[in-house]
Amino acid sequence: MRTEDNRNSRAIRNRTRRRYQLRSRLIMCFLTFILVTVFSAAFFGFRARAQENDMKNDGKQAYKYYKSITVEAGDTLWHYAQEYGDQHYYEDCNAYIQEVKNINSLQSDQITTGCHLILPYYSSL
């Protein structure tokens, strides 16, 4: 009787210990994931920014930024090229349109109302 009680209590302790170990490992995995995510976000940043080396903008250092927009009725890539395609950084509107098409994986110049686009622009801020 006593050995049977010892076996039962030992089995219960082992199950409890295994549950505790599993819970501890899951918590450590979760905390590791959170820590990696936070450090990655801090290291890589949330906004892409490229610095222009030759300072074309009146001697000020210019940076390349990206803006997400929603296409509205009547908008065209030509319209965006005229608004955001700075002549200091692009040969012409077609060069800007080609970059926008490459960034957004567009096959043609046609865009539809309601779709989202990423547009590059330069600023000296």
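This short talk covers the aromatic pairs and salt bridges in the structure above. Keep in mind that the model is predicted.

Aromatics to begin with. A pair of rings is described by the distance of the centres and the angle of the planes. In this structure there are 6 aromatic pairs. I will go through two of them.

Take Tyr-84 and Tyr-121. Their ring centres are 6.3 Å apart, and the planes meet at 45°. Now the location. Tyr-84 belongs to helix α2, residues 77-84. Tyr-121 belongs to strand β3, residues 116-123. The pair therefore ties together parts that are 37 residues apart in sequence. What about accessibility? Tyr-84 has a relative accessible area of 15%, so it is buried. Tyr-121 comes out at 26%, which makes it partly exposed; the cut-off for buried is under 20%.

On to Tyr-89 and Tyr-122. Here the centres are 3.9 Å apart and the planes are at 15°, so this pair is stacked. Tyr-89 sits in the loop between α2 and α3, the latter being 93-104. Tyr-122 sits in strand β3. Parts 33 residues apart in sequence are therefore tied together by this pair. Buried or exposed? Tyr-89 is buried, at 12% relative accessibility. Tyr-122 is buried too, with a relative accessible area of 17%.

One more point on rings. Which residues do the ring pairs link into a cluster? Tyr-63, Tyr-65, Tyr-84 and Tyr-121.

Next, charges. Side chains of opposite charge can pair when their charged atoms come close. How many salt bridges does the structure hold? The count is 2.

Lys-64 and Glu-99 make one of them, with the closest N and O atoms 2.5 Å apart. This pair links distant parts of the chain, 35 residues apart. Lys-64 is in strand β2, residues 63-70, and Glu-99 is in helix α3. Lys-64 is buried, at a relative accessible area of 12%. Glu-99 is at 18% relative accessibility and also counts as buried.

Then there is Asp-109 with Lys-101. Their closest N and O atoms are 3.0 Å apart. Asp-109 is partly exposed, with a relative accessible area of 45%. Lys-101, at 13% relative accessibility, counts as buried.

Terms used
Residues are numbered from 1 along each chain as its sequence is written. This is a predicted model: local features need pLDDT of at least 70, side-chain atom pairs count only at pLDDT 80 or more; totals for chains, interfaces and linings use all residues. Side-chain values use heavy atoms; hydrogens and water are left out. Rings of Phe, Tyr and Trp (its six-membered ring) pair if their centres lie within 6.5 Å; planes under 30 degrees apart count as stacked, over 60 as edge-to-face and the rest as tilted. Helices (H or I, at least four residues) and strands (E, at least two) are DSSP runs, numbered from the N terminus. Buried means under 20% relative accessible area, exposed over 50%, partly exposed in between (1.4 Å probe, protein chains only). A salt bridge is a side-chain nitrogen of Lys or Arg within 4 Å of a carboxyl oxygen of Asp or Glu.
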